Amino acid sequence: MTDTRQPIVLSIAGSDNTGGAGIQADIKTCCAYKVYAATVITGVTAQNSHKVFGVEPVSLSMISQQIDSIFEVMRPDAVKTGMLPSPEIIRLVAEKLRQYDVRNIVVDPVMVATNGGELVKTGNQTIEAFVDHLLPIADIVTPNISEASEFFGENVRNMDAEAVCRRLKEITGAKSVLLKGGHSSADAASDYLFDGTSLTEFSSQRIVTDNTHGTGCTLSSAIACSLAMGKDIKEAVAEAKEFISKAICSASNLKIMEGPGPLDFFVNIE
């Protein structure tokens, strides 16, 4: 009987105790894609739909040991990074990914939770750590408007989407940039992918619901899943957008918690 090779995604991110975002969302997304999920936990959060109560980073030595122990026994086909709570952790993760010559790196530059709570030490040192160490090895970076504004040092909400994407690619050094939301009409939600050559708009019907907790985490891990399965960047983003739209639409009638709830990760499971 021959062995079956299952695609593997490694998520390097923080824990969300409500299960809707972070490592928990990444694992559920991988399950939805039938991809094996390995994890490195960078920090533990105490949060709910109302606020972030606290963030406790994992030590550098423990993060390093988690990564080393994974690569000793398996070779992830894609890596997604989420919450990296400090500049030191950002630099360490970049160093380890270089050490293991990792490919298909998806960087979600998480800084603020859906409920508005700060998850990462924001400021010049964090931005510099991303720009100088992690983003130059990223295959795609997936900032939302607020995160893009952090990299610019000014609000980009009313700027031309293509100009923002091109400038973000210059600033970050990432191979591709996916700018999430913000440049959309009242009835549509649009994301913009710039691969260094062309700009592609991914537009979908805006779904009116409060259940969008963990959307960014889920989107980036979905992209990583498709990359792990051998898809190119444009295909991966298109598939991830389709999955997210279905998961949000299906979640609109879910009642998991008080306040903004999670997506329906199991929308494709019969």
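Student: In this predicted model, at what angle do helix H2 and helix H3 pack?

Tutor: Helix H2 spans residues 60-73, and helix H3 spans residues 87-99. Their axes lie 10 Å apart. The angle at which H2 and H3 pack is about 25°.

Student: Are H2 and H3 roughly parallel or roughly antiparallel to each other?

Tutor: The packing angle of H2 and H3 is about 25°. Angles under 35 degrees count as roughly parallel, and those over 145 as roughly antiparallel. The two helices, H2 and H3, are therefore roughly parallel.

Student: How many nonpolar residues are there in the contact of H2 with H3?

Tutor: From H2, the residues Leu60, Ile63, Ser64, Ile67 and Asp68 take part, and they meet Glu88, Ile89, Leu92, Val93, Lys96 and Gln99 of H3. By class, the contact of H2 with H3 holds two polar and three charged residues, and the number of nonpolar residues is six.

Student: Is H1 oblique or roughly perpendicular to H7?

Tutor: The axes of H1 and helix H7, residues 215-228, come within 9 Å and cross at roughly 40°. Roughly perpendicular covers 65 to 115 degrees, while roughly parallel needs an angle under 35 degrees. The relation of H1 to H7 is therefore oblique.

Student: Which residues of H7 does H1 meet?

Tutor: H1 passes H7 in a right-handed crossing. On the H1 side, the contact is made by Gly22, Ala25, Asp26, Thr29, Cys30 and Tyr33. The classes in the contact of H1 with H7 are six nonpolar, five polar and one charged. The residues of H7 that meet H1 are Cys217, Thr218, Ser221, Ala222, Cys225 and Ser226.

Student: Is H1 oblique or roughly perpendicular to H8?

Tutor: The axes of H1 and H8 come within 13 Å and cross at roughly 105°. The range from 65 to 115 degrees counts as roughly perpendicular. H1 and H8 are therefore roughly perpendicular.

Student: Which residues of H8 does H1 meet?

Tutor: H1 contributes Thr29, Ala32 and Tyr33 to its contact with H8. That contact of H1 with H8 comprises four nonpolar residues, one polar and one charged. The partners in H8 are Glu239, Ala240 and Phe243.

Student: Which element gives the largest share of the lining of the second largest pocket?

Tutor: The second largest pocket has a volume of about 170 Å³. Its lining consists of Ala32, Tyr33, Met229, Lys231, Glu239, Glu242, Phe243, Lys246 and Asn268. Two or more of these residues come from helix H1 (22-33), and two or more from helix H8 (233-251). The largest share, four residues, comes from H8.

Student: How many charged residues are in the lining of the second largest pocket?

Tutor: Lys231 and Glu239 are among the residues that line the second largest pocket. By class, this lining has four nonpolar residues and one polar, and the number of charged residues is four.

Definitions and conventions
Residues are numbered from 1 along each chain as its sequence is written. This is a predicted model: local features need pLDDT of at least 70, side-chain atom pairs count only at pLDDT 80 or more; totals for chains, interfaces and linings use all residues. Side-chain values use heavy atoms; hydrogens and water are left out. Axes are lines fitted to C-alpha atoms, for helices over the stretch in contact, and angles run from 0 to 180 degrees between N-to-C directions. Contact means heavy atoms within 4.5 Å. Ala, Val, Leu, Ile, Met, Phe, Trp, Tyr, Cys and Pro count as nonpolar, Asp, Glu, Lys and Arg as charged, and the others, Gly among them, as polar. On a 1 Å grid over the protein atoms alone, a cavity is a set of points where a 1.4 Å probe fits but cannot get out, and a pocket is an open set with protein on both sides within 12 Å along at least five of seven lines; lining residues have an atom within 4 Å of a point. Grid points are joined across faces, edges and corners, and a volume is the space filled by probe spheres set on the points. A crossing is left-handed if the near helix is turned anticlockwise from the far one by less than a right angle, and right-handed if clockwise.
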